[in-house]
Each structure stands twice: as C-alpha cells, then as structure tokens.
Amino acid sequence: MKTPAFSRAFRAALSGAALSCVASVALADIRNYEFELLEPTVKAGADRTIAVKLVDKTTGKPVPDAVIFATRLDMTPDAMQEMVTKLTPLGGSEPGTYRFQATFGMEGRWQLSLAAKVQGETGTVENKLVIQADK
Ligand SMILES: [Cu+2]
C-alpha cells in the first residue's frame, strides 16, 4: 500500500511548508526599525543633549540594546557638509532610547546620521534626522 505513506509524506511536506511560512513572517525586517528624535529642536551652544528612540514600526515599541556603530552630526541641510560636530554617547537612558552630547556651534539645521545593528536581526538600520538648532 503506497497511498498512506504518500499521504503521510505529503502532510509532512505541507506542515513543513507552513512552518517555514510562519518562520519568515516572524522574522522582522530590518526596515521595520527606525530612529526617531525625541526633540526636533535644541538650543545652539555647547554640550547639548540629544536623544533618539529606536522603534519597531510594526509594534510601536522601543528597541533596546541596539549597537550604534556609526554617527555623524553635520550641517548638510544648510549646505555646510564640512561643518561637523563631535557626538559623545551618554549612558543611563531608558531602554530603547539613546542619548548623545554635542556642541551646536551654529544656529540652523543639523543632520544626525545613525547606523545601528539590532539584536537578532541582519542588516543595518540607517537613518538621517534633522535637528533644528535655535538661538
Ligand atoms: Cu554651519
């Protein structure tokens, strides 16, 4: 009798396919993650604190323990790409929130570029955010 064996194999193949479907849905896409500025404006001057939150857009939840491995803050939005300021990471923030200290030596628009790895995900989250430095 070949039929029951075939049918068992078929069922097994089907459930295998169903499982791999579920697995690929459960794997979040790196594009679902995004950095958001907590405050879009700062006062121009020395030692300002800026904070970003990394969110999973599918759940709206903050994402802790990301490894931010590249940062840059410059005045690209106001056509001053060469005007770069140093970013110092600050600790002690809430889970999912990442803080930096920087000196905004000029009023205007600054671009914060971030690249990060998320735990358990492949790929890189890359965002560019604009911060307005006011008087
Ligand atoms: Cu400038």
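1. The chain holds one helix and ten strands. Helices here are DSSP runs of H or I with at least four residues, strands are E runs of at least two, and both are numbered from the N terminus. Along the sequence the order is α-β-β-β-β-β-β-β-β-β-β.

2. This is a predicted model, in which local features need pLDDT of at least 70, side-chain atom pairs count only at pLDDT 80 or more, and totals for chains, interfaces and linings use all residues. Residues are numbered from 1 along each chain as its sequence is written, and side-chain values use heavy atoms, with hydrogens and water left out.

3. The chain has a mean pLDDT of 87, and 79% of its residues reach 70 or more. Take care with residues 18-24, where pLDDT stays under 50.

4. Now the chain as a whole. Of its 135 residues, 30% are buried. Buried means under 20% relative accessible area, exposed means over 50%, and partly exposed lies in between, with a 1.4 Å probe and protein chains only. Take the contacts between residues at least 6 apart in sequence: 61% of them join residues at least 24 apart.

5. Strand 3 (residues 45-56) pairs with strand 1 (residues 33-37) in the antiparallel sense, over five bridges. Two strands pair if DSSP finds at least two bridges between them. Tyr33 stands opposite Asp56 of strand 3. Strand 3 also runs antiparallel to strand 8, with seven bridges. There, Thr49 stands opposite Gln101.

6. Strand 4 (residues 61-62) is another antiparallel partner of strand 3, over two bridges. Val55 faces Pro62 in strand 4. Four residues sit between the strands of this hairpin, and Gly60 takes a positive phi near 75°.

7. Strand 9 has two partners to look at. Strand 5 (residues 67-75) runs antiparallel to strand 9, joined by seven bridges. Ala70 stands opposite Ala115 in strand 9. Strand 10 (residues 125-134) pairs with strand 9 in the antiparallel sense over nine bridges. Gln111 has Val130 in strand 10 as its bridge partner. Eight of the ten residues of strand 9 are buried, so the strand is largely enclosed by the rest of the structure.

8. Which residues does Ser113 touch, not counting those up to four places away in sequence? They are Ala70, Thr71, Arg72, Asn127 and Lys128. Ser113 lies in strand 9 (residues 108-117). Ser113 is buried, with a relative accessible area of 12%.

9. Met75 lies in strand 5 and Met106 in the loop between strand 8 (97-104) and strand 9, so the pair ties together parts that are 31 residues apart in sequence. Met75 is buried at 0% relative accessible area, whereas Met106 is partly exposed at 30%.

Conventions
pLDDT is the predictor's confidence in each residue, from 0 to 100. Contact means heavy atoms within 4.5 Å.
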